[in-house]
Amino acid sequence: MQKLKMALNQSVGQLQNSYESMPWDNKEFYANYLAQTFYYVRHSTRLLALSAGRLDYENQQNLHLRFLKHLGEEANHERLAINDLKNLGYTPKDYPELNSTRFFYEGQYYKIEHKDPLALMGYILYLEVLAQNICPPLAKKLTGLYGKKAVSFLLVHGEEDPHHVEEAQKLLASLGPPAIEIITENLIQSSAAFDLMMKEIEESTAVAKWRKTA
Ligand SMILES: [Fe+2]
């Protein structure tokens, strides 16, 4: 458990530092970020459903019910990202799905099916702690730049995720070392993949701008 907490602090802390230097005042960068967010968030309910369906009645009923509840809470969250994007004047078609966005979520299907359905907790925990730490200050900054109507995804996640983190921590305390190990591995992997995605968003936005001006 200690290893998991350390990995979590390290990975979120790392991104928290680099988030501050990202070009959020560049509208195209933020729009691309929202489009990529849409592409991975639309898998959240699917991943939770897949994982929930693989948890057994005898020993994992509490976890099964918890995942179902969480699934309901995540429903339609991809629409928040689309609406924000629309209010900025874009649609997801303006920003195709990046390779690194697929790297981020595709492996989750493999881990659930072939390793342990609880592996998904590493991905969830990473995203929730990230939201808890980054969303409130970032949402404030972006609301000042683009208006509240273009920042609903970050506003909602800054408000909701502290409660999710609390619930996730309770759940983790009930798990044995083998599951915690798989969850920790996934958390570290998800963090590395998310970093890559943020870098590719920054690079692809710069390339698109260069193409337009060249
Ligand atoms: Fe969400």
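Reply: Let's start with the second largest cavity, which holds about 40 Å³ of space, in a model that is predicted. A cavity here is a set of points, on a 1 Å grid over the protein atoms alone, where a 1.4 Å probe fits but cannot get out; lining residues have an atom within 4 Å of a point. Points are joined across faces, edges and corners, and the volume is the space filled by probe spheres set on them. By this rule there are 2 cavities of 30 Å³ or more.

Sorted by class, the lining comes out as 5 nonpolar, 1 polar and 2 charged residues (Ala, Val, Leu, Ile, Met, Phe, Trp, Tyr, Cys and Pro count as nonpolar, Asp, Glu, Lys and Arg as charged, the others, Gly among them, as polar).

Next, the metal. The iron ion has Glu74 (OE), His77 (ND1) and His157 (NE2) as its protein donors, 2.0 to 2.1 Å away. Donors are N, O and S atoms within 2.8 Å of the metal (3.2 Å for Na, K and Ca), and water is not among the atoms, so sites may look incomplete. Along the chain the donor residues follow the spacing E-x2-H-x79-H. Distant stretches are linked this way: Glu74 belongs to α4 (residues 57-74) and His157 to α8 (residues 152-173), 83 residues apart. Glu74 and His157 are both buried, meaning under 20% relative accessible area, with exposed over 50% and partly exposed in between (1.4 Å probe, protein chains only).

Asn76 sits in the loop between α4 and α5 (77-88). Asn76 has a positive phi of about 70° despite not being a glycine, and with a relative accessible area of 47% Asn76 is partly exposed.

In α3 (residues 44-53), Ser44, Thr45, Leu47, Leu48, Ser51 and Ala52 are buried. Looking down the axis of α3, these residues fall within an arc of 160°, so they line one face of the helix (the arc is taken over the directions from the helix axis to the C-beta atoms). Arg46 and Gly53 are exposed on the face turned away from that buried side. The buried set packs against α2 (27-41), α4, α6 (99-114) and α7 (120-146); contact means heavy atoms within 4.5 Å.

Over in helix α9 (residues 177-213) you'll find Ser191, which counts as buried at 5% relative accessibility. Beyond its neighbours within four places in sequence, Ser191 touches Ser11 and Tyr126. Ala192, also found in α9, is partly exposed at 42% relative accessible area.

A word on the ground rules. Residues are numbered from 1 along each chain as its sequence is written, and side-chain values use heavy atoms, with hydrogens and water left out. As this is a predicted model, local features need pLDDT of at least 70 and side-chain atom pairs count only at pLDDT 80 or more, while totals for chains, interfaces and linings use all residues.

Note on methods
Helices (H or I, at least four residues) and strands (E, at least two) are DSSP runs, numbered from the N terminus. On a 1 Å grid over the protein atoms alone, a cavity is a set of points where a 1.4 Å probe fits but cannot get out, and a pocket is an open set with protein on both sides within 12 Å along at least five of seven lines; lining residues have an atom within 4 Å of a point.
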